[in-house]
Amino acid sequence: MEQRDFKHQTRGCLVGCVVAVLFWSVATAQRYSISEEVNEGTVVGNIAKDLGLDKGTLKNRKYRIVSGDAHPHFRVNQNDGILYVNRKIDREEVCEHSSSCVINLKTVLENPLEVHYVEVEIMDINDHSPIFPDKENTLEISESALPGARFQVQPAQDLDSGQFSVQQYKLSQNDNFRLEVKEKRGVGKIPTLVVKQSLDREKAGSHALIMTALDGGKPPKSGTVSILVKVLDVNDNAPVFSKEIYSVTVKENAPIGTVVIQVNATDSDEGPNGDVVYQFSKSMNKNILKLFNVNELTGEITVKNSIDYEENDEFEIEILASDKGIAPLTTEMGVSIKIVDVNDNIPEIEVTSFSSSIPEDSRPGTTVALISVNDLDSGLIGQVICSLNADVPFILSPSLKDKMFSLVTKSPLDREIQSHYDLKITAKDTGQPPLSSEKTISVVVSDVNDNKPEFSLSPYTFYVTEGNNAGVSLFSVTASDCDENENARISYQVNRDGGEHNKFTSFLNINSDSGEIIALKSFDFETLKTFQFQVVATDSGTPPLSNNVTVNVFILDQNDNAPVILYPLSSNGSAEGVEEIPRNVNAGHLVTKVRAYDADLGYNGWLLFSLQEVTDHSLFGLDRYTGQIRTLRSFTETDEAEHKLVILVKDNGNVSLSATATVIVKLVEPKEAFAASDVKSPALDDEDNNVTFYLMITLGAVSVLFLISIIVLIAMQCTKSTDYTSKYLQETNYDGTLCHSIQYRSGDKRYMLVGPRMSIGSTIVPGSHANTLVLPDRRRASEEVSCLYQTQYCSNVKTT
């Protein structure tokens, strides 16, 4: 059985080999060359022509390129066998770190199966510039470096190859360095910095060079790097003194530590090589070393012990200046010190009976301290003159006793202007030269309660939106007191004297410490539009001082009232009415007018009308501003005898409130309408008689009020300033709902709350808020601020 299976397998292998020989043929490879970065679709070569393939059979034999890449670099046209570039080729991406770049393509034909290999050499172009690894290199070279010393510099890299790689380096023009370039196998050209002449750090501590790398392109591309050469110091300079001769005079008995003179030497070297230290020469007399000392770092020569002119009037000192180099360099300098005989006792100042604190309300002449002065010298040089620094409200008054002075006030004090004085007392004798001493004493001016609280604003004006939460802080007032401590601690309270302008204080509360004002109830704009009260600020001094300020509060309207239907109203109070009109009326006939009212002001009270429901849209129309219902066309026999109209009335608030009214329109024949009018006429005659009577009474009352108003206006014009005019907004030809217009003045501004068409006759200026307009003020700046309140109600009732 095993032998039989083996025979069958052998036979299958032989058959497969024969088939492979019949249908498999391998052609020789074809080679092409193209440049990198050529555009997609560029022709590489005609494979079919170069390999001798029949173009007519390429498509049937499914001629193609075998590639595992999802986006191959090349494609072959099955119609003509031409090889095209399928996408741009970046040689540096395909053949990174390779001097030659060849892409091997495997092309296949079927029936019979043929495989041809195509080699495409990607030629490099100069598409990259030389790049240095770092933008700046720093080299440290000692100034002792000899000419010819070499320092390698990091070379540039160029992604291109061959002639397009880095070919040469150039160095910026300078006198100290030159550039050598060596070729290193596998690396390329290596630049080396060579010292041309000796360096001197004292002349130039650093050198800034620019090295440029160029490739072999035409034109060549380049890259640059900055090279900073820092010159390191060597100790080649000795210290040099700033003067050739040092000479100084010093008074006898100069205090220990007194600086006699300071010598100065500099070393042009760097670091420890340039650090200079000072010391006395070892050959100096030991007695001189007992009297003077030298600071080894600063070169200051100071007094070490008391100097007496009578013992020695001149000293010669030798100073050595050395650097801190490994082999230090030293320079020697002589200093001549001459001793001067002077008045060597200074006056002494003693303060007795000193009061460090004085009240600010002290009278001029109040004694602050007693001053005594003493000088151990005798004769003229022992006499002392005392003085006080200028620009202070104090003077020194001589006492009957010699060398005694009194420090007294010479003018009133004010702690709020200056609370502390440093008084410098100077005592000077009459010696030649005179000696003096100073003593400073501090005087504190204590506070008295002489300043009342001052409010930050006067008056205050606040705007509060109606519907505020009771018990929540609305606003605050702030006062300050120039005094200090208890005299400046302020408490606040609302003035509740019961006056007319303070009648609203019962529902206000104030935090006595912070001045925050809290409303104990919610405000309603429709009930209260503005009010005024006073806040009193009192300090805690003895006796306490107080001040008050007027607070003006304006309530801002909110849309919290829904429209109210005035007409139609049925007998049960609902917004519903019935209107009868003849069938023969023309288009535009006024059926009725829906009237409504909104208690809010401005846009919140501006009402708009719309038809929410109507049986026939072609019959009736509604004016959205006036609420008038008119016919749109004449009635026909086919129109229904009764129509229902539902009118929606809404205001213009941010969140609109609305109401609805229903009007039933009944169509009647002209005769019925005439009969109905005859029936109603007697009752109407009675009503007309009553109306006539009421109109006469009303007309008489209005006439009397008009005469009184004219008299009052004439009296007001005679008493007030001629340049003040108040402007009332009146809206003419407004046929709609009831509207409001309120004017008032606060501070230096005039405000107006208006209803619809609020811009007539007004000017909106910065500071307007919601439906409140700020009107330009034409009053004089010096005129005292007043508030004008006027409410204007307007209505227009049109009879049908």
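Mentor: Happy to, and let's begin with a cut-off: buried means under 20% relative accessible area, exposed means over 50%, and partly exposed is what lies in between. Keep in mind that this is a predicted model.

Trainee: How many salt bridges does a search of the whole structure find?

Mentor: The search finds 15. One of them joins the side chains of Glu110 and Arg64, at 3.0 Å from N to O. That pair links distant parts of the chain, with Glu110 in the loop between strand 7 and strand 8 and Arg64 in strand 4, 46 residues apart.

Trainee: Which class do Glu110 and Arg64 fall into?

Mentor: Glu110 is at 25% relative accessibility and counts as partly exposed. Arg64, with a relative accessible area of 34%, is partly exposed as well.

Trainee: What is the bridge partner of Arg64 in strand 7?

Mentor: It is Val108. Strand 4 (residues 64–66) and strand 7 (residues 102–109) pair in the antiparallel sense over 3 bridges.

Trainee: What makes strand 7 and strand 8 count as paired?

Mentor: Pairing requires at least two bridges, and strand 7 and strand 8 have 8, so they count as paired, in the antiparallel sense. The two strands form a hairpin with 3 residues between them, and Asn111 in the turn has a positive phi of about 55°.

Trainee: Why is the link between Cys95 and Cys101 called a disulfide?

Mentor: The S to S distance is 1.9 Å and the cut-off is 2.5 Å, so Cys95 and Cys101 are joined by a disulfide. A search of the whole structure finds 1 disulfide.

Trainee: What makes that disulfide right-handed?

Mentor: The torsion about the S-S bond of Cys95 and Cys101 is about 65°, so the disulfide is right-handed. Both cysteines are buried.

Trainee: Is Cys482 buried or exposed?

Mentor: Cys482 has 52% relative accessibility, which is over 50%, so it counts as exposed. Cys386, at 15%, is under 20% and therefore counts as buried.

Trainee: How do you know that Asp160 is buried?

Mentor: Its relative accessible area is 4%, under the 20% cut-off, so Asp160 is buried. Asp160 is found in the loop between strand 10 and strand 11. Not counting residues up to four places away in sequence, Asp160 touches several residues, including Glu36, Glu92, Asp124 and His128.

Trainee: Last one: why is Val712 labelled partly exposed?

Mentor: Val712 is at 42% relative accessibility, between 20% and 50%, so it counts as partly exposed. Val712 is found in helix 5 (residues 670–719). A nonpolar surface patch of about 940 Å² includes Val712, with Leu705, Phe706 and Met716 among the other members.

Definitions and conventions:
Residues numbered from 1 in each chain as written. Predicted model: local features only at pLDDT ≥ 70, side-chain atom pairs only at ≥ 80, totals over all residues. Heavy atoms only, no water. Helix = DSSP H or I, 4+ residues; strand = E, 2+ residues; numbered from the N terminus. Buried < 20%, exposed > 50% of the residue type's maximum accessible area, 1.4 Å probe, protein only. Contact = heavy atoms within 4.5 Å. Patch = residues over 30% accessible without salt bridge, like charges linked within 9 Å, V, L, I, M, F, W, Y side chains within 5 Å. Areas by Shrake-Rupley, 256 points an atom, 1.4 Å probe, with all protein chains shown as cover. Salt bridge = Lys/Arg side-chain N within 4 Å of Asp/Glu carboxyl O.
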